[in-house]
Amino acid sequence: MGCLLLSACGEDAAFRRWEQAWKEAPKGVYPAAAGEAIPSAEEVGKELEQYQLLSESFQQINPADLEKINQQRWNRYAAELKAALESREHLAEDPAAFDIGGTLGALFQNDSGALDGRLPRLEKCLTQAPAYYETAKTLLRRPDPERTLLAIEKQLQTLRLLRDSLPALLETAELEEAARKRIFQKAYFAKLAVKDYLAFCESLHFEHSDTTLVRSLSR
């Protein structure tokens, strides 16, 4: 009986140590749009490694040996850990996960709040676009072909927003000429970033199509 109690206490102690490490782990995920500070691909990779280690240590804990209250928490953490891993792992596979069009489209809508409140967020999104897409290209190591096609469609839509919706929005804004020029300059570099990412995705799609054709001909 004493051995069983020690075993149970040891398992609960291990769980508490794991729980503390989980609380200290970064909870932010690579942004779904270029409206936040953009981490480097190296930083995102380190986060993934940290969560993979957390997953390994978590699996070593036997929930059956935990106190009942800890068993309930173990079940909750299992779901949260799974979601945290998936949200980071898919960044290596899904080119369509990276797109500033969703953020831009929302900011161009009149029901998204007063225009003077939207413009700073719009400018920040445009400013972050080059770093956002550079990180995206570095993270994508196993791009899914079907998601690559969707990514191409998304970037084309984003270019149309920058070409048509942005000038229309700025026409209605009461901006000094210097501020207007600043936003258009940032939009120019954002367009270059989107076009570069579009070319990157087209290259991925061509490479996959070419490889598929070669395999088909070699059969």
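The model is predicted, so local features need pLDDT of at least 70 and side-chain atom pairs count only at pLDDT 80 or more, while totals for chains, interfaces and linings use all residues. Residues are numbered from 1 along each chain as its sequence is written, and side-chain values use heavy atoms, leaving out hydrogens and water.

**Aromatic rings**

- Rings of Phe, Tyr and Trp (its six-membered ring) pair if their centres lie within 6.5 Å; planes under 30 degrees apart count as stacked, over 60 as edge-to-face and the rest as tilted.
- The count comes to 12 aromatic pairs.
- Trp18 and Trp22 are stacked, at 5.5 Å centre to centre with 15° between the planes, and both lie in helix α1 (residues 2-24), 4 residues apart.
- Trp18 also forms a tilted pair with Phe58, at 4.7 Å and 50°, linking helix α1 to helix α2 (residues 41-59).
- Ring pairs join a cluster whose members include Phe15, Tyr51 and Trp74.

**Charges over rings**

- A charge sits over a ring if NZ of Lys or CZ of Arg is within 6 Å of the ring centre and within 35 degrees of the ring normal.
- Lys27 has its charged end over the ring of Trp22, 4.8 Å from the centre, and Arg76 lies over the face of Tyr77 at 4.7 Å.

**Asp94**

- Asp94 is buried, with a relative accessible area of 11%.
- A polar atom of the Asp94 side chain lies 3.0 Å from the backbone nitrogen of Ala96.

Terms used:
Buried < 20%, exposed > 50% of the residue type's maximum accessible area, 1.4 Å probe, protein only. Polar contact = N/O pair within 3.5 Å; in protein donor to acceptor, adjacent residues only side chain to side chain. Helix = DSSP H or I, 4+ residues; strand = E, 2+ residues; numbered from the N terminus.
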